[in-house]
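The points are grouped by topic.

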Amino acid sequence: MEKKNYKRTLVTTALPYANGPVHIGHLAGVYVPADIYTRYLRLKGEDVVMIGGSDEHGVPITIKAQKEGVTPQDIVDRYHNIIKDSMAGLGISFDVYGRTTSATHRVTASEFFKKLYDNGEFIEKTSQQFYDEEADQWLADRYIMGTCPHCGNERAYGDQCEACGRDLNATDLINPHSTITGNVPVLRETKHWYMPLDKWEPRLRQWILEEHKEWKTNVYGQCKSWLDGGLQPRAVTRDLNWGIPVPIEGAEGKVLYVWFDAPIGYISNTKDLLPDTWEKYWKDPETRIIHFIGKDNIVFHCLIFPAMLMAEGTYQLPENVPANEFLNLEGDKISTSRNWAVWLHEYLEEFPGKEDVLR
Ligand SMILES: [Zn+2]
């Protein structure tokens with residue numbers, strides 16, 4: 001139910017991933033709608049802040065860096081600046097545009113993890129995971145490819161099959177191989193920390209399915225189908241050398257899973273903007289929080305991040321999570337990997353003074 005008596009609004013926009021520029025699909029789905037909404041509230045004289053920033057951790061960035069022979073920091077520096085400048089060029093009116101490699105974020109995400117750890121909110125689990133002996137490296141997520149056991153796609157990743165959309169565990173893949181060397185990987189034992197999403201399932205069901213029937217049907221429907229399928233514990237740490245180190249003893253060489261740290265980036269960036277008053281935008285029940293996202297982020301913003309906030313205990317949950325469908329270009333799905341897109345930074349160079357035409 002829409003809260004009637006709010007005093008302020010916090011608008012967050014999905015953090016673009018800093019391994020490529022943004023295209024018009026991102027703009028249509030997230031940034032232009034969020035900007036219109038924020039500008040409207042500002043015109044009405046309401047207290048509103050619009051939070052944006054780059055998501056700079058995770059495996060796709062380390063893979064791109066290895067391919068180009070540069071460091072992950074080089075990759076995120078390059079794309080953070082391209083994205084930030086092009087968003088400003090189009091007039092997206094962020095109050096802050098931060099990054100998840102900032103010092104503030106490192107501290108905020110570490111403290112968040114530490115609090116959940118100290119409160120006993122994680123399950124510790126040892127499991128067998130793939131390791132590339134030649135590269136001397138763990139194979140998290142996209143470092144491993146194989147055949148999807150559900151649909152037979154031969155290019156499924158260790159965490160997801162993009163052909164049928166299912167979530168996978170790397171050990172489910174048929175004929176797994178390392179994307180670094182092409183070798184068949186070996187299984188080794190490793191310890192990780194898991195968020196028991198099943199524990200939060202009853203509260204998530206009540207909060208979304210009973211109290212937020214007004215959410216967009218695509219968002220509500222996807223949440224309902226995940227909840228009806230039953231939530232499982234989900235690992236929130238990875239064996240990787242790029243990310244926020246897991247801030248506890250016995251976790252050397254491990255970092256926070258990118259989808260654990262990225263949404264905390266909204267909080268860190270709010271802190272950088274409002275070091276003295278950020279808390280009222282996140283913890284006061286009279287704040288309305290709205291997450292603008294793309295439809296591929298629904299599970300993270302509607303189930304996983306809220307479960308993290310519930311476990312932490314002092315934060316407000318979002319009032320709404322509008323997600324839009326993907327935009328097509330000449331009838332075909334926009335794709336970064338196939339370079340089928342209109343890139344914002346190229347448009348701005350090509351058509352100076354025509355920002356409003358694109359909007
Ligand atoms: Zn599949």
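A crossing of two helices is called left-handed if the near helix is turned anticlockwise from the far one by less than a right angle, and right-handed if clockwise. In this predicted model, H5 passes H6 in a left-handed crossing. The protein as a whole has eleven helices and 16 strands.

**Overall fold**

- The C-alpha trace of the protein spans about 60 × 50 × 40 Å along its principal axes.
- A compact globule of 359 residues would have a radius of gyration near 21 Å, and the 20 Å of the protein agrees with that.
- Of the 359 residues, 40% count as buried.
- Among contacts with a separation of 6 or more, 73% come from residues 24 or more positions apart.

**Helix pair H5 and H6**

- Helix H5 covers residues 197–210 and helix H6 covers residues 217–229.
- The two helices pack at an angle of about 155 degrees, and their axes are 11 Å apart.
- Angles over 145 degrees count as roughly antiparallel, and H5 and H6 are therefore roughly antiparallel to each other.
- On the H5 side, the contact involves Glu201, Leu204, Arg205, Ile208 and Leu209; on the H6 side, Cys223, Lys224 and Leu227 take part.
- The residues of this contact between H5 and H6 divide into five nonpolar, three charged and no polar.

- Most residues other than glycine have a negative phi.
- Asp136, which is not a glycine, has a positive phi of about 55 degrees.
- Asp136 lies in the loop between strand E4 (123–132) and strand E5 (137–138).
- A residue is exposed if 12 or fewer other C-beta atoms lie within 10 Å of its own; Asp136 has 8 and is therefore exposed.
- Asp141 also has a positive phi, near 45 degrees, and is a residue other than glycine.
- Asp141 is found in the loop between E5 and strand E6 (144–147).
- The cut-off for a buried residue is 20 or more other C-beta atoms within 10 Å; Asp141 has 20 and so is buried.

**Arg288 in strand E13**

- Arg288 is placed in strand E13, which covers residues 287–294.
- Arg288 counts as buried because 22 C-beta neighbours lie inside 10 Å.
- From C-alpha to C-alpha, Arg288 and Gly229 are 29 Å apart in space, and in sequence they are 59 residues apart.

Definitions and conventions
Residues numbered from 1 in each chain as written. Predicted model: local features only at pLDDT ≥ 70, side-chain atom pairs only at ≥ 80, totals over all residues. Axes fitted to C-alpha atoms, helices over the stretch in contact; angles between N-to-C directions. Helix = DSSP H or I, 4+ residues; strand = E, 2+ residues; numbered from the N terminus. Parallel < 35°, antiparallel > 145°, perpendicular 65-115°, else oblique. Contact = placed C-beta atoms within 7 Å. Nonpolar A, V, L, I, M, F, W, Y, C, P; charged D, E, K, R; others polar. Rg over C-alpha atoms; globule rule 2.2 N^0.38 Å.
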